[in-house]
Amino acid sequence: MARLRKHGLVALACVAATAQARTLPEMAASNEFVICAAPDDMPFSRRDGTPAGLYVDLGRLVASNLGLALAVRWIPRRELARRVGCDAIMGAAVVRAEDRPTSWRNVLTVPWMRAGAVVVDTGRGPAATLDTLRTGHVAVPSGSWAHRWLDAHGVPVWVRFRTDPEIIGAVVRGDADAGVVSDVAAGWYRQQAGAANLRVLDTLLDPAEFAFDVAIDLLDTDAATLARVNGIVRARLADGAIAAIGLRYGAYRPPAGQR
(Lines give C-alpha, C1' and ligand atoms only; values in the text may rest on other atoms or scores of the structure.)
Protein backbone atom coordinates (compact mmCIF):
# COMPACT_ATOMS: atom_id res chain seq x y z
CA MET A 1 0.00 0.00 0.00
CA ALA A 2 1.10 3.51 -0.66
CA ARG A 3 2.73 5.58 2.05
CA LEU A 4 0.69 8.28 3.80
CA ARG A 5 2.18 11.62 4.77
CA LYS A 6 4.03 11.08 8.05
CA HIS A 7 2.20 13.69 10.09
CA GLY A 8 -1.21 12.55 8.88
CA LEU A 9 -0.46 8.95 9.83
CA VAL A 10 0.77 9.93 13.29
CA ALA A 11 -2.34 12.02 13.91
CA LEU A 12 -4.61 9.23 12.71
CA ALA A 13 -2.95 6.65 14.94
CA CYS A 14 -3.09 8.92 17.99
CA VAL A 15 -6.74 9.84 17.56
CA ALA A 16 -7.98 6.30 16.98
CA ALA A 17 -5.47 4.08 18.75
CA THR A 18 -8.15 2.52 20.97
CA ALA A 19 -10.93 2.24 18.37
CA GLN A 20 -12.51 -1.17 17.82
CA ALA A 21 -14.30 -2.88 14.97
CA ARG A 22 -17.99 -3.41 15.66
CA THR A 23 -20.94 -5.74 15.29
CA LEU A 24 -24.01 -4.75 13.28
CA PRO A 25 -25.95 -3.10 16.16
CA GLU A 26 -22.88 -0.96 16.92
CA MET A 27 -22.56 -0.01 13.25
CA ALA A 28 -26.25 0.91 13.18
CA ALA A 29 -25.83 3.14 16.23
CA SER A 30 -23.33 5.28 14.31
CA ASN A 31 -25.09 4.78 10.95
CA GLU A 32 -21.75 3.81 9.38
CA PHE A 33 -20.08 0.77 7.87
CA VAL A 34 -16.36 1.56 8.15
CA ILE A 35 -13.83 -0.02 5.83
CA CYS A 36 -10.06 0.35 5.62
CA ALA A 37 -8.39 0.92 2.27
CA ALA A 38 -5.12 2.09 0.78
CA PRO A 39 -5.07 5.72 -0.38
CA ASP A 40 -3.32 4.98 -3.70
CA ASP A 41 -3.73 1.38 -4.86
CA MET A 42 -5.82 1.30 -8.02
CA PRO A 43 -7.80 -0.51 -9.21
CA PHE A 44 -8.65 -1.41 -5.62
CA SER A 45 -8.84 1.96 -3.89
CA ARG A 46 -7.77 5.57 -3.98
CA ARG A 47 -8.44 8.52 -1.75
CA ASP A 48 -8.72 11.13 -4.50
CA GLY A 49 -10.23 10.54 -7.89
CA THR A 50 -13.06 8.85 -9.73
CA PRO A 51 -13.73 5.96 -9.83
CA ALA A 52 -12.80 5.28 -6.23
CA GLY A 53 -11.75 1.66 -6.68
CA LEU A 54 -13.13 -1.86 -6.57
CA TYR A 55 -12.99 -2.23 -2.79
CA VAL A 56 -14.58 1.17 -2.15
CA ASP A 57 -17.41 0.49 -4.59
CA LEU A 58 -18.02 -2.91 -3.03
CA GLY A 59 -17.95 -1.33 0.43
CA ARG A 60 -20.56 1.19 -0.69
CA LEU A 61 -22.75 -1.61 -2.03
CA VAL A 62 -22.57 -3.56 1.25
CA ALA A 63 -23.15 -0.42 3.32
CA SER A 64 -26.21 0.47 1.26
CA ASN A 65 -27.63 -3.02 1.70
CA LEU A 66 -27.09 -2.70 5.45
CA GLY A 67 -28.94 0.61 5.39
CA LEU A 68 -25.79 2.45 6.47
CA ALA A 69 -23.46 5.11 5.11
CA LEU A 70 -19.97 4.12 4.02
CA ALA A 71 -16.93 5.56 5.81
CA VAL A 72 -13.36 4.88 4.70
CA ARG A 73 -10.25 4.98 6.87
CA TRP A 74 -7.19 5.43 4.66
CA ILE A 75 -4.23 3.42 5.89
CA PRO A 76 -0.88 2.49 4.30
CA ARG A 77 -0.83 -1.05 5.77
CA ARG A 78 -3.69 -3.29 6.71
CA GLU A 79 -2.04 -4.11 10.04
CA LEU A 80 -3.23 -0.66 11.17
CA ALA A 81 -6.90 -1.46 10.58
CA ARG A 82 -7.74 -2.20 14.22
CA ARG A 83 -6.02 0.94 15.42
CA VAL A 84 -8.23 3.17 13.31
CA GLY A 85 -11.53 1.43 14.03
CA CYS A 86 -12.37 -0.33 10.77
CA ASP A 87 -15.21 -2.81 10.59
CA ALA A 88 -13.93 -4.58 7.48
CA ILE A 89 -11.24 -4.97 4.86
CA MET A 90 -12.95 -5.65 1.56
CA GLY A 91 -10.29 -7.86 -0.02
CA ALA A 92 -8.72 -10.80 1.82
CA ALA A 93 -7.38 -14.01 0.29
CA VAL A 94 -9.22 -17.17 1.29
CA VAL A 95 -6.43 -19.56 2.24
CA ARG A 96 -8.75 -22.21 3.62
CA ALA A 97 -12.48 -22.24 4.19
CA GLU A 98 -13.88 -22.72 7.68
CA ASP A 99 -17.37 -24.04 8.31
CA ARG A 100 -17.48 -22.36 11.71
CA PRO A 101 -15.15 -19.61 12.98
CA THR A 102 -13.01 -20.53 15.97
CA SER A 103 -12.79 -16.82 16.86
CA TRP A 104 -14.84 -13.77 15.91
CA ARG A 105 -11.72 -11.78 15.07
CA ASN A 106 -10.77 -11.58 11.40
CA VAL A 107 -13.65 -13.70 10.13
CA LEU A 108 -13.97 -14.06 6.36
CA THR A 109 -17.30 -13.89 4.58
CA VAL A 110 -18.22 -16.11 1.68
CA PRO A 111 -16.00 -15.25 -1.32
CA TRP A 112 -17.09 -12.59 -3.78
CA MET A 113 -14.33 -12.81 -6.44
CA ARG A 114 -11.65 -15.06 -7.86
CA ALA A 115 -8.22 -13.48 -8.29
CA GLY A 116 -4.77 -14.50 -9.37
CA ALA A 117 -1.23 -13.27 -9.89
CA VAL A 118 0.52 -12.74 -13.20
CA VAL A 119 4.01 -11.81 -14.31
CA VAL A 120 4.25 -8.56 -16.27
CA ASP A 121 7.06 -7.09 -18.33
CA THR A 122 7.38 -4.71 -21.29
CA GLY A 123 8.60 -7.19 -23.87
CA ARG A 124 12.00 -5.49 -24.15
CA GLY A 125 13.83 -8.69 -23.31
CA PRO A 126 13.47 -12.29 -24.50
CA ALA A 127 10.26 -14.22 -24.02
CA ALA A 128 10.01 -14.74 -20.30
CA THR A 129 10.33 -18.17 -18.77
CA LEU A 130 11.21 -19.14 -15.23
CA ASP A 131 14.79 -19.57 -16.41
CA THR A 132 15.00 -16.09 -17.96
CA LEU A 133 13.52 -14.58 -14.80
CA ARG A 134 16.48 -16.01 -12.89
CA THR A 135 18.79 -13.69 -14.87
CA GLY A 136 17.00 -10.47 -13.84
CA HIS A 137 15.19 -8.89 -10.94
CA VAL A 138 11.47 -9.35 -10.40
CA ALA A 139 9.53 -6.75 -8.40
CA VAL A 140 7.18 -8.29 -5.82
CA PRO A 141 5.42 -7.12 -2.64
CA SER A 142 7.63 -7.71 0.38
CA GLY A 143 6.59 -10.76 2.37
CA SER A 144 4.06 -11.90 -0.22
CA TRP A 145 3.57 -15.47 -1.40
CA ALA A 146 5.19 -14.43 -4.71
CA HIS A 147 8.21 -13.21 -2.74
CA ARG A 148 8.61 -16.55 -0.96
CA TRP A 149 7.81 -18.73 -3.98
CA LEU A 150 10.17 -16.97 -6.40
CA ASP A 151 12.92 -16.87 -3.81
CA ALA A 152 12.55 -20.60 -3.28
CA HIS A 153 12.81 -21.14 -7.05
CA GLY A 154 16.01 -19.14 -7.41
CA VAL A 155 14.51 -16.00 -8.95
CA PRO A 156 16.08 -12.74 -7.66
CA VAL A 157 13.34 -10.57 -6.21
CA TRP A 158 13.13 -6.84 -5.49
CA VAL A 159 10.92 -6.25 -2.47
CA ARG A 160 10.75 -2.50 -1.86
CA PHE A 161 7.15 -2.38 -3.06
CA ARG A 162 3.77 -2.49 -1.36
CA THR A 163 1.28 -1.94 -4.19
CA ASP A 164 0.63 -3.15 -7.71
CA PRO A 165 0.92 0.40 -9.15
CA GLU A 166 4.41 0.71 -7.64
CA ILE A 167 5.45 -2.60 -9.21
CA ILE A 168 3.98 -1.77 -12.62
CA GLY A 169 5.70 1.62 -12.50
CA ALA A 170 9.08 -0.02 -11.81
CA VAL A 171 8.59 -2.42 -14.73
CA VAL A 172 7.49 0.29 -17.16
CA ARG A 173 10.47 2.51 -16.21
CA GLY A 174 12.85 -0.41 -16.68
CA ASP A 175 13.93 -0.40 -13.04
CA ALA A 176 12.73 -4.00 -12.74
CA ASP A 177 12.94 -6.65 -15.44
CA ALA A 178 9.52 -8.01 -14.55
CA GLY A 179 6.98 -7.86 -11.77
CA VAL A 180 4.27 -9.95 -10.14
CA VAL A 181 0.91 -8.21 -9.77
CA SER A 182 -2.74 -9.16 -9.51
CA ASP A 183 -4.49 -10.00 -12.76
CA VAL A 184 -7.05 -7.28 -11.95
CA ALA A 185 -4.36 -4.61 -11.61
CA ALA A 186 -2.71 -5.65 -14.88
CA GLY A 187 -6.04 -5.45 -16.70
CA TRP A 188 -6.83 -2.06 -15.19
CA TYR A 189 -3.46 -0.60 -16.16
CA ARG A 190 -3.65 -1.79 -19.75
CA GLN A 191 -7.00 -0.10 -20.36
CA GLN A 192 -5.86 3.34 -19.16
CA ALA A 193 -5.32 6.08 -21.71
CA GLY A 194 -1.63 6.64 -22.39
CA ALA A 195 -0.55 3.46 -20.61
CA ALA A 196 2.82 2.12 -21.72
CA ASN A 197 2.95 -1.33 -23.29
CA LEU A 198 2.70 -4.00 -20.64
CA ARG A 199 2.98 -7.67 -21.50
CA VAL A 200 0.97 -9.98 -19.28
CA LEU A 201 2.50 -13.43 -18.88
CA ASP A 202 -0.31 -15.42 -17.36
CA THR A 203 1.15 -18.89 -17.89
CA LEU A 204 4.35 -18.56 -15.86
CA LEU A 205 2.78 -18.97 -12.43
CA ASP A 206 0.93 -22.14 -11.49
CA PRO A 207 -2.78 -21.31 -10.93
CA ALA A 208 -2.84 -23.91 -8.17
CA GLU A 209 -0.29 -21.78 -6.32
CA PHE A 210 -1.37 -18.29 -7.34
CA ALA A 211 -5.14 -18.30 -7.86
CA PHE A 212 -7.42 -17.77 -4.88
CA ASP A 213 -10.87 -16.64 -3.84
CA VAL A 214 -11.31 -13.22 -2.26
CA ALA A 215 -13.64 -12.47 0.65
CA ILE A 216 -14.46 -9.62 3.01
CA ASP A 217 -12.53 -9.68 6.30
CA LEU A 218 -14.78 -8.68 9.22
CA LEU A 219 -12.33 -7.59 11.89
CA ASP A 220 -14.47 -8.15 14.99
CA THR A 221 -17.90 -9.59 14.41
CA ASP A 222 -20.54 -12.01 15.62
CA ALA A 223 -22.73 -14.70 14.08
CA ALA A 224 -25.60 -12.36 13.24
CA THR A 225 -23.37 -9.79 11.52
CA LEU A 226 -21.53 -12.47 9.55
CA ALA A 227 -24.82 -14.02 8.44
CA ARG A 228 -26.17 -10.63 7.33
CA VAL A 229 -23.09 -9.73 5.28
CA ASN A 230 -22.92 -13.24 3.82
CA GLY A 231 -26.55 -12.87 2.73
CA ILE A 232 -25.73 -9.59 0.99
CA VAL A 233 -22.74 -11.08 -0.83
CA ARG A 234 -24.74 -14.09 -2.02
CA ALA A 235 -27.64 -11.94 -3.20
CA ARG A 236 -25.41 -9.47 -5.04
CA LEU A 237 -23.49 -12.30 -6.68
CA ALA A 238 -26.77 -13.81 -7.84
CA ASP A 239 -28.14 -10.58 -9.33
CA GLY A 240 -24.85 -9.58 -10.98
CA ALA A 241 -24.23 -6.41 -8.96
CA ILE A 242 -20.78 -7.53 -7.77
CA ALA A 243 -19.77 -8.68 -11.25
CA ALA A 244 -20.81 -5.27 -12.61
CA ILE A 245 -18.53 -3.54 -10.11
CA GLY A 246 -15.64 -5.82 -11.04
CA LEU A 247 -16.12 -5.28 -14.78
CA ARG A 248 -16.03 -1.54 -14.20
CA TYR A 249 -12.35 -2.05 -13.43
CA GLY A 250 -11.58 -4.19 -16.43
CA ALA A 251 -11.81 -7.76 -15.19
CA TYR A 252 -13.92 -9.99 -12.98
CA ARG A 253 -14.03 -13.71 -12.24
CA PRO A 254 -16.66 -15.21 -9.93
CA PRO A 255 -15.39 -17.20 -6.96
CA ALA A 256 -14.93 -20.94 -7.20
CA GLY A 257 -18.28 -22.71 -7.11
CA GLN A 258 -20.11 -19.64 -8.44
CA ARG A 259 -19.24 -20.02 -12.12
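The model is predicted, so local features need pLDDT of at least 70 and side-chain atom pairs count only at pLDDT 80 or more, while totals for chains, interfaces and linings use all residues. Residues are numbered from 1 along each chain as its sequence is written, and side-chain values use heavy atoms, with hydrogens and water left out. Helices (H or I, at least four residues) and strands (E, at least two) are DSSP runs, numbered from the N terminus.

**The disulfide**

- The structure holds 1 disulfide, a term that here means a pair of cysteine sulfur atoms within 2.5 Å.
- Its partners are C36 and C86, whose sulfur atoms lie 1.8 Å apart.
- This pair links distant parts of the chain, 50 residues apart: C36 belongs to strand β1 (residues 32–37), whereas C86 sits in the loop between β4 (69–74) and β5 (88–93).
- The torsion about the S-S bond of C36 and C86 is about 70 degrees, so the disulfide is right-handed.
- Both C36 and C86 are buried; buried means under 20% relative accessible area, exposed over 50%, and partly exposed in between (1.4 Å probe, protein chains only).

- Strand β7 (residues 113–121) is largely enclosed by the rest of the structure, because 8 of its 9 residues are buried.
- Two strands count as paired if DSSP finds at least two bridges between them.
- With strand β12 (residues 211–220), β7 pairs in the antiparallel sense over 4 bridges, and G116 stands opposite A211 in β12.
- Strand β10 (residues 178–182) also runs antiparallel to β7, joined by 4 bridges; here V120 has G179 as its bridge partner.
- Strand β11 (residues 199–201) is joined to β7 by 3 bridges, again antiparallel, and the bridge partner of V119 in β11 is L201.

**Around W149**

- Helix α5 (residues 145–152) is where you will find W149.
- W149 is buried, with a relative accessible area of 11%.
- Leaving aside neighbours within four places in sequence, W149 is in contact (heavy atoms within 4.5 Å) with L130, L205, E209 and F210.
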